[in-house]
Amino acid sequence: MWARGSLWPKVILFGDSITQSFDRGGWGAAIANRLVRKCDVLNRGLSGYNTKWALSVLPKIITQPANQETIAAVIVMFGANDSALKDINPVQHIPLTEYAENLKGVVQYLKSIDICEDKVIMVTPPPLDESAWEKECIAKGSKLNRYNSVTNQYAAACVKVAEECGIDVLDLCTLMQMKNQDFCSYLSDGLHLSEKGNTFLETHLWALLVKKTERLPMILPHWSNVDHLNPEASFPV
């Protein structure tokens, strides 16, 4: 079975720099590869953004689906910047309670444009390797501006919001720290994901995303099913 028409279903990745980057085997690129010929994977990662800014620009990024257009899933991943320390990085910092309300606002907006809860997946920020990130901060003339203990609080808030809203959530922060494992290898600079970290995220995310995309048919027939003598007949309008 294959799909007709020009409106390919979409999976939208909405987050900060951890979503934006396709470097080091970026998880978004891996998801796009899994869904080739089934839907378009749109990367809407915004480096440095927190949930306050994200909520403000969301209506410009994800609009009411057009006639017959299908949004298969929206992945929401924020928190790495919201959890910055207020006294050192007040520009990006968002208080914990406001962070939770902003995430709820994202879900409410998506519902208002007919993207229901079962199409949304939240992902928590990963844990923070303070030692490695402190070196990055010092190199930029700053002090350590995040703590792993604080990141864990924001991750827990994200999980709680997802549960309250009835949507799927990937608790990346907890998964990477299970059984007291050394999570530093999952991070390239203490904050952003390494190749191993990207693979870890993509593998666990796919277990949730496949349930939302597995019924999508292949777009246009496989080449072996094309009538080479009359190819137009293989592509009915």
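H93 is found in the loop between β4 and α4 (96-112). With a relative accessible area of 17%, H93 is buried; the terms are buried for under 20% relative accessible area, exposed for over 50% and partly exposed in between, with a 1.4 Å probe and protein chains only. A polar atom of the H93 side chain lies 2.7 Å from the backbone oxygen of A84.

This is a predicted model, in which local features need pLDDT of at least 70 and side-chain atom pairs count only at pLDDT 80 or more, while totals for chains, interfaces and linings use all residues. Residues are numbered from 1 along each chain as its sequence is written, and side-chain values use heavy atoms, with hydrogens and water left out.

## The sheet

Five strands form an open sheet with parallel pairing, in the order β3-β2-β4-β5-β6. Its edge strands, each pairing on one side only, are β3 (40-45) and β6 (168-170). On average, neighbouring strands of the sheet are turned by 20° against each other, direction ignored. Helices (H or I, at least four residues) and strands (E, at least two) are DSSP runs, numbered from the N terminus; two strands pair if DSSP finds at least two bridges between them. Axes are lines fitted to C-alpha atoms, for helices over the stretch in contact, and angles run from 0 to 180 degrees between N-to-C directions.

Strand β2 (residues 10-15) is joined to β4 (residues 71-77) by six bridges, and the two run parallel. In β4, I75 stands opposite L13 and V76 stands opposite F14. Six bridges also join β2 to β3, again in parallel, and there G15 has G45 as its bridge partner. Six of the six residues of β2 are buried: K10, I12 and F14 point one way from the strand, and V11, L13 and G15 point the other way. Helix α2 (residues 27-34) lies across β2, β3 and β4, running at about 165° to β3.

## Nonpolar cores

A nonpolar core is a set of buried Ala, Val, Leu, Ile, Met, Phe, Trp, Tyr and Cys residues joined through side-chain atoms within 4.5 Å. The largest one has 33 residues, of which V11, W27, I75, V123, L201, L205 and L209 touch the most other members. At least two residues of this core come from each of β2, α2, β4, β5 (120-123), α5 (130-139), α7 (172-177) and α8 (195-213). Helix α8 supplies the largest share, six residues.

Leaving aside neighbours within four places in sequence, L209 is in contact with V11, I31, L35, A73, I75 and I121. Another core, of 29 residues, lies apart from the largest one; among its members are I71, V76, A100 and A162.

## Helix α6

Helix α6 (residues 148-165) has 18 residues, which should span 26 Å at 1.5 Å a residue, and its end C-alpha atoms are 26 Å apart, in agreement. The expected span is 1.5 Å times one less than the number of residues. After α6 comes G166, with a positive phi near 75°.

The buried residues of α6 are N148, V150, T151, Y154, A155, A157, C158, V159, V161 and A162. Their cover includes α4, β5, α5, β6 and α7.

Key
Contact = heavy atoms within 4.5 Å. Polar contact = N/O pair within 3.5 Å; in protein donor to acceptor, adjacent residues only side chain to side chain.
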